[in-house]
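Please look over the sequence and the structure shown below before reading on. The notes that follow take up a few strands and then a pair of helices.

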Amino acid sequence: MSLKFIRVKIFELGRLFKYRNKFVYAQTYYPEYKMKSRFKIYFEQIREVLKYNWPNLYYFVYGFDVKQNNDDYLAYKPFMLKRDELNSPAPYSYICLLRDKLLFTIIGKYFDMPVVSNLAQIHCVEELNVLLKKYDNLFLKPIDSMCGNGTLSVALVRGEYKIDDSLCSYEELSQRVGRLLLQTSLIVQKLLKNHRDINCIYSKSINTLRIVTVNPKYSDNPIDIVVLGTLLRIGANDSVIDNWAKGGLVVGINSDGRLMKYGFYKPGYGTKTEEHPDTKFKFEGFEVPYYEEAITRCKNFHSKLDKIHSIGWDVAITDDGPLFIEANDNWELGFVQVCCGGIKQQFDDLFK
């Protein structure tokens, strides 16, 4: 064992003890079950560090802290390594087709897929101001953003500027957007609207489906594409984005297109809830509009990108049907297993 390897483990063990409120003493998601002792939780998190070089962030949301069978849950590190290996087979990697959001929409339109339209790619605040005077409400995101980082909702209403529904001066807008432009160029899109039924759950953000598909044979036939998991991401607490990493909720979807009972927060933002915290809308049994069409669209699109093994699709449901927002090669394992249950068996079968 190398000295560097030992240092990593010592550092992560130190982080485990330093942030024990997050990794050991966090609030349980499953108070209806009997909990393990804190000593047992400490022991299992130490084992995670020794085996995978970091504590398990999803220990509590997976229910590892309670006395029940959870052998079906897949650890993140072996998943990540195998996912990335299969998504970038030699000699070429095609994941740039997904990571560049401008390129993704161009490809989607080429294949006649319903993809979100980009108004422009801007490089300075003045370009944004011209577009605001024409469209009033816009959505900005970096061309290569992940987990909602750098996304902004901007508006010009009766001469007043807004960022994410908060009033600001033009100077504040310039500074905020300018900092993002120092890192990358920005894509500008018109604000989308949810399907009227989904608006009943929460209307301040576009609430998107995350549909994970796998192409185990690298086939260009949609029949060979497997759906690994589906869920609905919902904004919360007045947020204009639905990202789980920014405090949103995720709710699993049954095979019949209806929502499951609970919505889950990412660790650090809360636990689980049967209803939306803002609207009090109960999740269980809600029928997602255009669900089967969204599944079919994802399988068809994936068959066109047959050199990529697995994809996490973000699909908005509008009054006119499913609309592709983006696609992710580095899709998140955490909320898929939280909503749909452990995928260890499916992973062993599909990610050989």
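**Strands and a helix pair**

In strand S12, Ser310, Gly312, Asp314, Ala316 and Thr318 point one way while Ile311, Trp313, Val315 and Ile317 point the other way, and all of these residues are buried. The model described here is a predicted one, and the points below are grouped by topic.

**Strand S12 and its partners**

- Strand S12, which spans residues 310-318, is mostly covered, since nine of its nine residues are buried.
- On one side of the pairing, strand S7 (residues 208-214) runs antiparallel to S12 and is joined to S12 by seven bridges, and within this pair Arg210 has Asp314 of S12 as its bridge partner.
- S12 also pairs with S13 in the antiparallel sense, again over seven bridges, and a hairpin of two residues connects S12 to S13.

**Strand S13**

- Because eight of the eight residues of strand S13 (residues 321-328) are buried, this strand is largely enclosed by the rest of the structure.

**Helices H7 and H8**

- Helix H7 (residues 125-135) packs against helix H8 (residues 170-181) at an angle of about 125°, and their axes lie 9 Å apart; H7 is therefore oblique to H8.
- H7 passes H8 in a right-handed crossing.
- In this contact, Val125, Glu126, Leu128, Asn129 and Leu132 of H7 meet Tyr170, Leu173, Ser174, Val177, Gly178 and Leu181 of H8, and the residues of the contact divide into seven nonpolar, three polar and one charged.

Methods
Residues numbered from 1 in each chain as written. Predicted model: local features only at pLDDT ≥ 70, side-chain atom pairs only at ≥ 80, totals over all residues. Heavy atoms only, no water. Buried < 20%, exposed > 50% of the residue type's maximum accessible area, 1.4 Å probe, protein only. Helix = DSSP H or I, 4+ residues; strand = E, 2+ residues; numbered from the N terminus. Pairing = 2+ DSSP bridges. Axes fitted to C-alpha atoms, helices over the stretch in contact; angles between N-to-C directions. Parallel < 35°, antiparallel > 145°, perpendicular 65-115°, else oblique. Left-handed = near helix turned anticlockwise from the far one by under 90°. Contact = heavy atoms within 4.5 Å. Nonpolar A, V, L, I, M, F, W, Y, C, P; charged D, E, K, R; others polar.
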